[in-house]
Structure formats: structure tokens, C-alpha cells
Amino acid sequence: ITTHTFIGWINTVVLMSSLLGSSSSTSMCRRIRSRSPSAGSSRLVSPSRSSSARRPMVKTRAQTLPTISSVIITGAGGKTGKAVFAKCVQDAELERVVGVVRTEKSKKMVASFAPDAKDEDVVVASIVDGTSVKDVINEGKFDALICCTSATPRIMKRSIVKLLVTKVLNFIPGVNMKPAMPTFRWPENGTPEEVDWEGQKAQFDAAVESGVKLVVVCSSMGGTQDDNRLNAIGEGNILKWKRAAERYLIELCKGTNGKTNFTIVHPGGLKGNCKDLEAEGSKVQLTVGVDDTLLENEYRSIPRADVAEVLFQSLKTSEALNRSFDVASLPEGEGVPFDGDLETLLHDSLPKQSVKGGTCDYTLGEVFPPSTSGVEEEESAEAKTA
């Protein structure tokens with residue numbers, strides 16, 4: 001997912017360096033199921049949700065929610081993507097669910113995370129290869145696409161060594177070296193421009209061409225802030241490329257005259273590793289906003305399991321149709337934990353926060369990528385003169 005973990009990485013490295021050591025382990029996400037006595041099928045159940053409780057009726061915007069019976073999840077090999085895939089697989093209303101991963105190794109990991117999925121439900125394809133992802137989406141004739149793809153930087157080990165050395169030397173009396181920060185690089189064919197711009201555009205084009213009714217995107221907060229430090233990571237401008245792809249999707253959907261809709265979700269700093277969906281999800285109250293207003297809050301993180309639930313519920317929520325919004329949470333123990341009722345959450349909160357009816361304003365922030373029309377015109381004029 002996503003990019004918000006970058007800040008977490010940086011803070012974690014700084015903390016580890018203060019302790020003069022670090023240890024980390026990555027454990028396989030495991031699926032949490034409960035058996036419904038009446039349905040006879042495995043389903044994800046929120047511990048705070050009662051199957052017999054009725055949600056209050058809310059007045060929704062005048063938009064018709066399309067019928068969704070099949071969905072494809074790209075980026076299903078990531079932590080958030082795997083959680084979304086598992087939720088979709090275990091939903092009785094979805095007749096066909098397909099997850100797209102980059103490697104065979106990721107396919108095996110996803111299969112162990114959602115064992116109810118069949119082997120053909122997880123496919124290997126490259127989202128930076130426009131033809132590859134287009135073929136997968138077109139062949140499936142899906143009703144919905146949930147896009148969880150994101151460029152992911154790799155930390156440079158030498159920078160960690162420099163950081164730790166600096167910390168150690170600063171313990172020496174009289175030494176006051178400037179604190180070092182870790183540096184990152186982007187893997188080959190994995191830059192934000194390739195993944196978050198070209199790769200997402202290819203997905204969106206294929207979705208519209210194949211008649212997908214709804215495109216749900218897991219993006220990132222910070223898109224209105226041109227100087228956000230995430231953009232400086234590896235000089236990748238990741239938030240700018242993400243926002244450019246969002247603008248592209250919105251305009252693309254407008255051109256379909258309602259045949260293809262969108263929902264864009266900007267989560268705050270992601271917490272948790274999907275180690276236990278039931279333990280990590282439905283424990284905090286969610287907060288929603290637009291245009292990065294939530295970044296002004298002291299607490300702006302959100303459990304990854306709750307982000308997955310928001311993305312999943314977007315398939316069933318008319319209030320989320322053709323909206324772009326931010327989502328974070330309150331600290332655990334404050335407020336009322338999210339019970340999956342995205343309809344009420346958006347209805348009660350978003351209309352109060354934006355003159356555009358509770359959706360992000362894309363006139364904010366730098367228009368990216370920069371226009372090259374002026375350069376092209378100048379080169380054309382020079383060619384004619386020659």
C-alpha cells in the first residue's frame with residue numbers, strides 16, 4: 001500500500017538506532033474466519049458486529065450502486081491487498097474474486113493467507129507491463145477493480161550504518177554530529193512513475209475498456225502537499241504521481257457517462273501487518289476528511305486491517321461512489337470502534353467538510369506531471385526554422 005509506511009520506517013530506524021540495535025521479523029499473515037451457522041460458509045466477522053443488529057437508515061446521495069458480483073484486486077501480494085483479497089474471497093455475495101501478484105512467491109503467500117481461494121484465483125502479472133495487466137482484466141470481465149498497487153522503496157544499508165555510527169559518536173562528550181537519516185532507492189521497474197503513474201493508468205484504461213463498473217483505489221494522504229517529505233524519498237515524487245493517477249481516473253470515469261464509477265481512499269499512516277485481522281481490525285474509531293485536513297490532527301494513523309475493510313465495504317456503499325476521501329483513526333480506546341458501516345461514516349462526516357460535497361478538491365496541489373507542451377512547441381518551431 002502503501003506509501004505511509006515509509007514514515008513509519010524512518011521513525012522506526014531512528015528509534016532502533018537510539019537503542020543501538022534492531023531486530024525485526026516478518027510473519028505470514030494468517031486468515032481469521034468464523035463459521036456462520038446459517039450460511040455454512042466461511043466469512044470474515046468483526047468482533048464488534050452483530051449479525052442480528054440493524055443499522056440505522058441514512059439518506060444517501062442520489063447515486064445508484066452498481067451490482068458487483070466479481071472483483072479483481074491488484075497488488076494482492078501486499079499486506080493491505082492480501083487482507084482485501086481474503087475479505088472478498090469470504091464474501092458470499094461475490095461469485096468470483098481474483099488477486100493479482102507480481103511473483104510466484106507472492107502467489108504462494110496469498111494462497112496460505114486465503115486458503116479458500118482456488119489456485120486460478122491468484123494470477124501472476126506485472127502491472128508495469130501494460131499488456132499483461134490489460135489481458136488479465138479484459139479476460140475476466142469483472143464488475144469491480146480494487147487497486148492496491150504502490151511503488152515500494154528499499155532502504156540503503158549503508159545509510160543505516162551511518163545513522164548508527166553517528167548515534168554512537170554523539171555519546172562521546174564534546175561530539176555533536178548532525179543526526180543522519182536513512183536513504184532509500186527504488187528497485188528496477190519499480191519507481192513511482194512506473195508503478196503509481198504508468199502502471200495505474202494501464203489498469204484504469206483496461207478497466208474502462210472491459211466495462212468495469214467500479215474502480216476502488218487505495219492511495220495516500222499528502223497529495224495536496226507538494227513539499228511532503230514522502231516525495232523526497234529517492235527523489236521519486238511518489239505522492240505527486242499517485243495524485244496524477246487519481247486525476248486521470250476521475251476524468252476517465254467522467255467520459256464513460258456513469259458506466260464506470262470510482263472511489264479513492266487516502267489512508268493515514270498504516271499500522272499493523274495483518275498478522276491477525278480480528279485482533280487488528282474494528283478496535284478504533286475512524287475519522288474521515290478531505291484535502292489532507294486530517295494531517296493537522298495529532299493522531300493520524302490507521303490500522304491496516306481497517307483500511308482493508310474500508311476498501312472492501314466501498315463495493316457495497318453508495319455514499320462512496322465517485323468520492324475521494326481521507327481516512328485515519330482515533331487512538332485505541334477513544335470513541336466507538338468502526339463496525340464496517342461505511343455508509344453512515346461517510347454520510348455523517350464528509351458533507352460537512354467540503355464545498356464540493358465531501359470529496360477531495362483536485363485543483364489543490366501541483367499539476368503533475370508538468371506539462372511539456374511549451375517545450376514541444378518550441379522544438380517544433382526550431383525544426384520548422386531549420
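Which residues does Cys147 touch, not counting those up to four places away in sequence? Cys147 touches Thr74, Gln200, Gln203, Val216, Val217 and Cys218. Contact here means heavy atoms within 4.5 Å.

## Basis of the model

This is a predicted model: local features need pLDDT of at least 70, side-chain atom pairs count only at pLDDT 80 or more, and totals for chains, interfaces and linings use all residues. Residues are numbered from 1 along each chain as its sequence is written, and side-chain values use heavy atoms, with hydrogens and water left out.

## Cys147 and its strand

Cys147 lies in strand S6 (residues 144–147). Strands (E, at least two residues) and helices (H or I, at least four) are DSSP runs, numbered from the N terminus. Cys147 counts as buried because its relative accessibility is 0%. Buried means under 20% relative accessible area, exposed over 50%, and partly exposed in between (1.4 Å probe, protein chains only).

Cys218 is 71 residues from Cys147 along the chain. Their C-alpha atoms are separated by 6.1 Å.

## Strands S3 and S4

Strand S3 (residues 70–74) pairs with S4 in the parallel sense, over five bridges. Two strands pair if DSSP finds at least two bridges between them. Thr74 stands opposite Val100 in S4. Thr74 is also one of the residues that Cys147 touches. Strand S4 (residues 96–101) is mostly covered, with five of its six residues buried.

The largest nonpolar core has 86 residues. Such a core is a set of buried Ala, Val, Leu, Ile, Met, Phe, Trp, Tyr and Cys residues joined through side-chain atoms within 4.5 Å. Val71, Ile73, Cys88, Ile146, Leu311 and Leu315 have the most contacts inside this core. H7 gives the most to it, with eight residues.

Helix H9 (residues 304–313) is mostly covered: ten of its ten residues are buried. Among them are Arg304, Asp306, Glu309 and Leu311. Beyond its neighbours within four places in sequence, Leu311 is in contact with Thr80, Val84, Ile146, Cys148, Val216, Val217, Cys218 and Val265.

## The cavity

A search of the whole structure finds one cavity of 30 Å³ or more. On a 1 Å grid over the protein atoms alone, a cavity is a set of points where a 1.4 Å probe fits but cannot get out; lining residues have an atom within 4 Å of a point. The volume of the largest cavity is about 70 Å³, counted as the space filled by probe spheres set on the points, which are joined across faces, edges and corners.

Of the 15 lining residues, Ser220, Gly223, Arg243, His266 and Asp292 are the closest to the centre. Helix H7 (residues 238–254) supplies the largest share of the lining, four residues.

How values were computed: On a 1 Å grid over the protein atoms alone, a cavity is a set of points where a 1.4 Å probe fits but cannot get out, and a pocket is an open set with protein on both sides within 12 Å along at least five of seven lines; lining residues have an atom within 4 Å of a point.
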